[in-house]
Amino acid sequence: MSDVAYTILGESNFHEQLTVQEFKTLLEKGRDEEKIDTMKKVLITMLNGNLMPSLLMHIIRFVMPSKNKELKKLLYFYWEICPKYEENGKLRQEMILVCNAIQHDLAHPNEYIRGNTLRFVTKLKEPELIEPLIPPIRQCLEHRHAYVRKNAAFAIYSIFKVSDHLLPDAAEVLGNFLAVETDTTCKRNAFACLGQLNREMALGYLQEQLADLVSLDSLLQLAFIEFIRKDSIVAPELREQYLSIVSELLDSPSSSVVYEAAITLTVLTNSQIEVASAASKFIDLAIKEANTTVKTIALERLRELYLRNVGILDDYVLDVLRILTTSDLGVRKKALDLSLDITSSGNVDDVVKFLKKELTKSISSNEDKSIEYRQLLITAIHKCALNFNSVAADVVDLLLGFIEQLNSAAASEVVSFAKEVVEKFPALRSKIINRLLHALENVKSGKVYRGSLWILSEYAQEEKDIQDVWRHIRNKIGELPILSTEKRLQNKEAVVSNENDENGYTNGSSKPIILPDGSYATENAFTAELEKHVEDKTGEERPTMRALILDGDFYLAAVLSSTLLKLILSFQKISSNTKILNAMKAEAMLIMVSILRVGETSFSKKKIDEDSQERIFSIVRFLAENKTDDDFIQHAFLDDTKAAFRNLLIEADKKKAQKDKSKLQQAAQQPYDSISFRQFSKEVDTEEYSLEEQLAASTKDDLSSKLKKIVQLTGFSDSVYAEAYVKVHQFDVVLDVLLVNQTTETLRNLTVEFAALGDLKVIDKPGTQNVGPHGFLRIQATIKVTSADTGVIFGNIIYDGEKANDSNIVILNDINVDIMDYIKPATCSEAQFRKMWNEFEWENKIIVKSNVATLKEYLDVLLKGTNMNCLTPGAIIGEECQFLSANLYSHSSFGEDALANLCIEKQADGPIIGHVRIRSKGQGLALSMGDRVAAIARQSNTATVSVV
């Protein structure tokens with residue numbers, strides 16, 4: 001029950017300001033339809049600050065007698081906001097006529113007019129107007145229609161709150177009304193009011209209804225719960241009785257009642273049994289309710305219970321996982337996050353089994369976003385393995401068993417997970433390597449193979465494992481050398497083609513094709529089909545890695561070359577068998593030379609790139625020159641890469657521990673913190689923190705920060721000086737404009753007009769005002785912001801000149817909306833970053849040339865200026881590193897993502913050169929962020945930037 005209520009009217013289309021005389025003319029001569037439009041304009045004008053008290057009598061004369069229902073509704077809006085007192089504080093004489101009209105409407109035969117009038121009475125705050133209305137309001141409590149009676153109950157309560165001497169027996173009136181009333185809505189309103197006026201009477205009525213509590217209407221049950229929640233603070237001795245009542249209401253058929261009862265139960269007690277009952281009801285709501293919002297709210301309440309009562313939800317983890325039956329991805333993510341938080345060593349086996357079943361179903365599912373759901377399941381299983389060592393081996397075996405059925409992104413996630421497990425659990429390395437080799441038999445993805453080869457090369461440290469890996473690679477490469485084998489296969493295909501010609505196959509229709517040089521040629525349809533068949537057949541017969549390399553994946557070839565060298569180095573460390581070692585070196589060089597040769601021919605769909613070619617050739621040179629004994633080579637290939645990955649995991653663990661620590665600090669009480677006792681507090685509120693307290697606790701801008709946000713709009717020599725304080729909220733910008741009349745004359749009908757470019761929209765228009773000589777005027781304008789694109793606000797000041805038709809205009813300076821107010825640093829996984837990078841269409845590439853001293857300094861300046869977060873830990877390795885490559889990420893208030901890739905290098909005695917590539921889903925954000933990067937460089941005289 002709120003003590004203050006308002007009716008809010010809004011209009012999207014602006015209209016010309018009318019004078020009082022024009023309003024009077026429209027009200028005198030217009031029809032009801034025209035009067036409706038006029039009344040709407042009158043209300044908007046009054047809400048904008050012009051009360052127009054002289055209009056009251058015209059509205060009484062020409063609007064009040066109308067029987068049009070819409071006009072009557074607007075009339076009551078007018079009575080709500082019109083000035084009712086003279087300047088000396090006495091009630092205006094015209095209000096007597098208004099009071100008589102209200103009395104007639106309270107006795108109107110139409111029940112909806114009566115109900116609307118009673119709703120208006122609840123907003124009246126003038127005792128002089130309310131007093132003559134009390135008798136008809138009492139009679140409305142006995143009206144035949146429930147709509148009238150339910151509003152009459154609220155009217156009785158509001159009259160008592162305004163002035164209790166007007167209706168001293170309000171509690172008795174509502175008590176008697178409640179005893180004989182049969183309509184549930186009326187009973188709910190009366191009980192809610194009675195609970196505010198007379199606690200004892202409300203408590204007595206509640207006790208009378210205990211016998212049929214569950215069978216009561218849900219509205220009345222909700223009113224009982226609200227009363228119990230408030231009264232339990234005033235009367236703590238009744239908590240035991242209230243607990244039994246609320247526990248009984250948990251079995252109500254209404255979901256809203258069950259939800260409110262569960263919340264109230266957690267407020268009344270901290271008993272584990274009661275809290276567990278509330279948690280089970282929240283879980284039931286999340287499972288049974290079809291509405292996604294209800295599911296989300298129930299999961300949030302469950303998380304709050306978990307944070308306040310650690311360990312109490314451990315037995316409900318499988319029930320929480322049942323919420324995954326919903327199709328909404330957001331609800332599934334929340335349910336998985338909560339399940340992982342409440343997973344313990346006692347139930348982790350059951351959780352993994354359940355997630356395995358869900359993963360199996362998702363693979364064969366055709367529903368929307370099944371790929372994203374599969375990704376969530378893999379991530380959840382991954383976290384279970386890392387948090388509980390006992391299931392790590394089973395989980396790895398489980399996920400690797402699914403790898404051939406997953407798409408490339410999900411399979412890569414599994415490989416990344418296996419990489420992390422094999423590093424953290426050394427005892428499982430041999431088993432994981434054998435399982436991975438078995439899983440790779442049917443894998444066709446080059447990305448999956450690259451990650452798998454890294455694991456095999458780094459962690460195959462036993463002689464048997466090394467030989468198994470080598471044997472697998474040899475089988476997947478196929479017959480060597482590659483070029484001669486492919487030529488022999490091509491010759492066989494040519495023989496088959498000649499035999500077909502000799503057998504008299506007729507050529508089908510021919511069609512023109514475009515050659516790579518742009519010229520035309522004729523292709524025989526039969527020959528094309530035959531060649532396609534041969535390619536498909538040979539593609540199936542080729543081993544996996546061989547087929548991928550011939551398809552142009554030379555990045556995989558470079559990784560394969562590093563793998564071969566690492567395996568040789570590892571074998572050399574643990575074995576003295578030089579015969580096998582020399583055979584491995586020779587076979588490795590043959591594989592790499594074969595790749596280099598075939599990459600230069602037409603047998604490969606793409607020519608080998610320079611980076612891969614140089615990397616493979618350098619490894620061949622190491623082996624040919626017998627530099628495998630070199631400590632530098634062994635350290636670089638065997639130790640540095642593994643150490644870099646280990647440092648990456650340590651950094652991630654540190655961030656996770658820091659995040660957990662910050663959460664703990666937020667919930668924990670610090671030494672010497674004051675302890676508040678609710679029983680000793682002067683004011684008691686049912687909520688722990690009210691909205692006002694939250695607003696008061698929000699950070700306030702100091703004077704210096706406000707001064708930085710003031711923008712000068714006109715010059716000091718203009719007739720009107722204007723400046724604006726730009727206050728940025730989450731979805732809008734408020735301009736607090738100060739106007740100063742610098743002339744010795746009154747500026748009549750002065751108005752300020754704003755317009756905007758970009759994704760900005762002016763919401764309200766300041767009204768017309770008169771400003772006296774050297775006078776001040778303060779106005780506000782709100783501009784709605786719909787995206788993080790760069791926007792410009794411009795406008796002018798208009799006021800009347802000396803002659804009737806003259807107008808003076810002062811042009812305002814432009815206000816640029818800073819997108820950094822809406823961009824916040826954010827974090828995402830590497831897989832999510834790559835997925836968004838591939839999906840986003842718009843890219844803005846900026847070439848950088850800067851004289852900043854170090855790479856780290858440039859990165860810090862860029863992160864600070866763009867509000868982006870660096871996703872690449874250890875992007876700079878030591879001060880001597882001359883290269884930097886990092887991924888940056890930020891998120892806007894409007895749900896937009898901004899990605900950036902920074903690639904720069906420090907020349908020996910020269911500037912930093914490189915580029916920044918920015919990608920986003922929309923063009924505007926990519927261009928805005930690019931402009932920001934360019935502006936950051938322009939702030940320094942030592943940096944130059946050219947935009948591509």
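## Contacts, rings, loops and strands

Tutor: Among contacts in the protein chain with a separation of 6 or more, 66% are between residues 24 or more positions apart; contact means heavy atoms within 4.5 Å. This is a predicted model, in which local features need pLDDT of at least 70 and side-chain atom pairs count only at pLDDT 80 or more, while totals for chains, interfaces and linings use all residues. Residues are numbered from 1 along each chain as its sequence is written, and side-chain values use heavy atoms, with hydrogens and water left out.

Student: What percentage of the residues in the protein chain is buried?

Tutor: The chain's secondary structure comes to 38 helices and 19 strands; these are DSSP runs numbered from the N terminus, helices being H or I of at least four residues and strands E of at least two. Buried means under 20% relative accessible area, exposed over 50% and partly exposed in between, with a 1.4 Å probe and protein chains only. Of the 948 residues in the protein chain, the buried share is 44%.

Student: Which residues does S457 contact, leaving aside its neighbours within four places in sequence?

Tutor: S457 belongs to helix α25 (residues 446–459), and it counts as buried because its relative accessibility is 2%. Its C-alpha atom is separated by 7.5 Å from that of L564, 107 residues apart along the chain. Leaving aside neighbours within four places, the residues in contact with S457 are T563, K566, L567 and S570.

Student: Are Y76 and F120 buried or exposed?

Tutor: The class follows from relative accessible area. For both Y76 and F120 it is buried.

Student: Which helix holds F637, the partner of F622?

Tutor: F622 and F637 make an edge-to-face pair, 6.3 Å centre to centre with 80° between the planes. This pair links distant parts of the chain, 15 residues apart: F622 is in helix α32 (residues 610–624), and F637 is in helix α33 (residues 631–667).

Student: Which residues do ring pairs link into a cluster?

Tutor: A pair of aromatic rings is described by the distance of the centres and the angle of the planes. Ring pairs link four residues here into a cluster: F191, Y205, F224 and F227.

Student: How far is the charged end of K419 from the centre of the ring of W454?

Tutor: A charge sits over a ring if NZ of Lys or CZ of Arg is within 6 Å of the ring centre and within 35 degrees of the ring normal. The charged end of R332 sits over the ring of Y373, 3.8 Å from its centre. The charged end of K419 sits over the ring of W454, and its distance from the centre is 5.1 Å.

Student: Which residue does a cis peptide bond join to L480?

Tutor: The bond has an omega of about -10°. The second residue lies in the loop between α26 (463–477) and α27 (482–502). The residue joined to L480 is P481.

Student: What is the phi of N867?

Tutor: N867 is in the loop between α37 (855–866) and β15 (869–870), and it counts as partly exposed because its relative accessibility is 21%. Its phi is positive although the residue is other than glycine. The value is near 55°.

Student: In β4, which residue is the bridge partner of I710?

Tutor: Two strands pair if DSSP finds at least two bridges between them. An open sheet of 5 strands runs β3-β4-β5-β9-β7 with antiparallel pairing, and its edge strands, each pairing on one side only, are β3 (710–712) and β7 (760–762). β3 pairs with strand β4 (residues 720–728) in the antiparallel sense over 3 bridges. The bridge partner of I710 in β4 is Y725.

Student: How many disulfides does a search of the whole structure find?

Tutor: A disulfide is counted when a pair of cysteine sulfur atoms lies within 2.5 Å. C193 counts as buried because its relative accessibility is 0%, while C903 is partly exposed because its relative accessible area is 25%. The number of disulfides found in the whole structure is 0.

Terms used. Phe/Tyr/Trp six-rings, centres within 6.5 Å; stacked < 30°, edge-to-face > 60°.
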